[in-house]
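Subject: Structure handover

Hello,

Here is the structure for you to look through. My notes follow below it.

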Amino acid sequence: ESWRPDVLVSDSVSPDHDFYALVGKVATLESERGGRIPAVALTSVSRTDERLRDMLADVQRDVPKPVEPAVLTSEIARLTGRERRREQR
C-alpha cells in the first residue's frame with residue numbers, strides 16, 4: 001500500500017505470481033489506499049474464454065501477446081489520462 005504505481009502491468013500467466021489475485025486484492029482497497037490503480041494484463045488467450053473473462057473482471061485492459069511496445073505504451077497512456085492531456089494542448 002505504500003507504493004502506488006500509475007498502472008499495474010503483468011503477464012497474465014506467470015509461475016512467479018498470481019496476477020489476478022493481486023489485481024483482485026488491489027481492487028478491494030479503498031481508493032485512498034490504492035484501490036483505483038488500473039491494471040493491464042498481457043494475455044496469450046482470447047477474452048472470449050469464459051474462465052478468462054471472469055478472471056479479467058478487475059483488469060481495465062488486456063493486451064494480446066506478443067505485445068508491441070507502442071501498443072502497450074498507448075494503453076498505459078489511455079489508462080493514466082496522459083493521452084487526453086496531449087490532445088488538449
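Arginine 78 counts as partly exposed, because its relative accessibility is 35%. Buried here means under 20% relative accessible area, exposed means over 50%, and partly exposed lies in between (1.4 Å probe, protein chains only). The side chain of arginine 78 meets that of glutamate 75 in a salt bridge, 3.0 Å from N to O. A salt bridge is a side-chain nitrogen of Lys or Arg within 4 Å of a carboxyl oxygen of Asp or Glu. Both residues lie in helix H3, 3 residues apart, about one turn of the helix. In general, an α-helix has 3.6 residues a turn, so residues three or four places apart point the same way. Glutamate 75 counts as buried, because its relative accessibility is 13%.

This is a predicted model: local features need pLDDT of at least 70, side-chain atom pairs count only at pLDDT 80 or more, and totals for chains, interfaces and linings use all residues. Residues are numbered from 1 along each chain as its sequence is written, and side-chain values use heavy atoms, with hydrogens and water left out.

The other salt bridges

The structure holds 3 salt bridges. One of them joins the side chains of arginine 82 and aspartate 6, at 2.9 Å from N to O. This pair links distant parts of the chain. Arginine 82 is in helix H4 (residues 82-88), and aspartate 6 is in the segment before strand E1 (8-11), 76 residues apart. Arginine 82 is partly exposed at 40% relative accessibility. Aspartate 6 is partly exposed at 46%.

Another salt bridge joins aspartate 11 and lysine 65, at 3.0 Å from N to O. Aspartate 11 lies in strand E1 and lysine 65 in the loop between E3 and H3, so the pair ties together parts 54 residues apart in sequence. Aspartate 11 is partly exposed at 26% relative accessibility. Lysine 65 is partly exposed at 33%.

The peptide bond from lysine 65 to proline 66 is cis, with omega near -5°. Proline 66 sits in the loop between strand E3 (61-64) and H3.

The overall layout

What order do the elements follow from the N terminus on? They run β-α-β-α-β-α-α. That order holds 4 helices and 3 strands. Helices (H or I, at least four residues) and strands (E, at least two) are DSSP runs, numbered from the N terminus. Of the 89 residues, 30% count as buried. The accessible surface comes to about 6300 Å², and 49% of it belongs to carbon and sulfur atoms. Accessible areas come from the Shrake-Rupley method with a 1.4 Å probe; for residues, only the protein chains shown count as cover.

Helix H3

Helix H3 covers residues 69-80, and isoleucine 76 is in it. At 1.5 Å a residue, its 12 residues should span 16 Å, and its end C-alpha atoms are 16 Å apart, which agrees. The expected span is 1.5 Å times one less than the number of residues. Leu72, Glu75, Ala77 and Leu79 are buried in H3. Isoleucine 76 is partly exposed, because its relative accessibility is 25%. Not counting residues up to four places away in sequence, isoleucine 76 touches Val7 and Val9. Contact means heavy atoms within 4.5 Å. With near sequence neighbours within four places left aside, glutamate 75 contacts Arg61 and Val63. Just after H3, glycine 81 takes a positive phi of about 80°.

The cores

Which residues form the largest nonpolar core? The 9 residues are Leu8, Phe19, Tyr20, Val23, Val26, Ile37, Ala39, Ala41 and Val59. H1 gives the largest share, 4 residues. A second, separate core has 6 residues, including Val7, Leu42, Val63 and Leu79. A nonpolar core is a set of buried Ala, Val, Leu, Ile, Met, Phe, Trp, Tyr and Cys residues joined through side-chain atoms within 4.5 Å.

Threonine 43 is also in strand E2. Threonine 43 is buried, with a relative accessible area of 1%. Leaving aside neighbours within four places in sequence, threonine 43 contacts Ser12, Tyr20, Asp62, Val63, Pro64 and Lys65.

Best wishes
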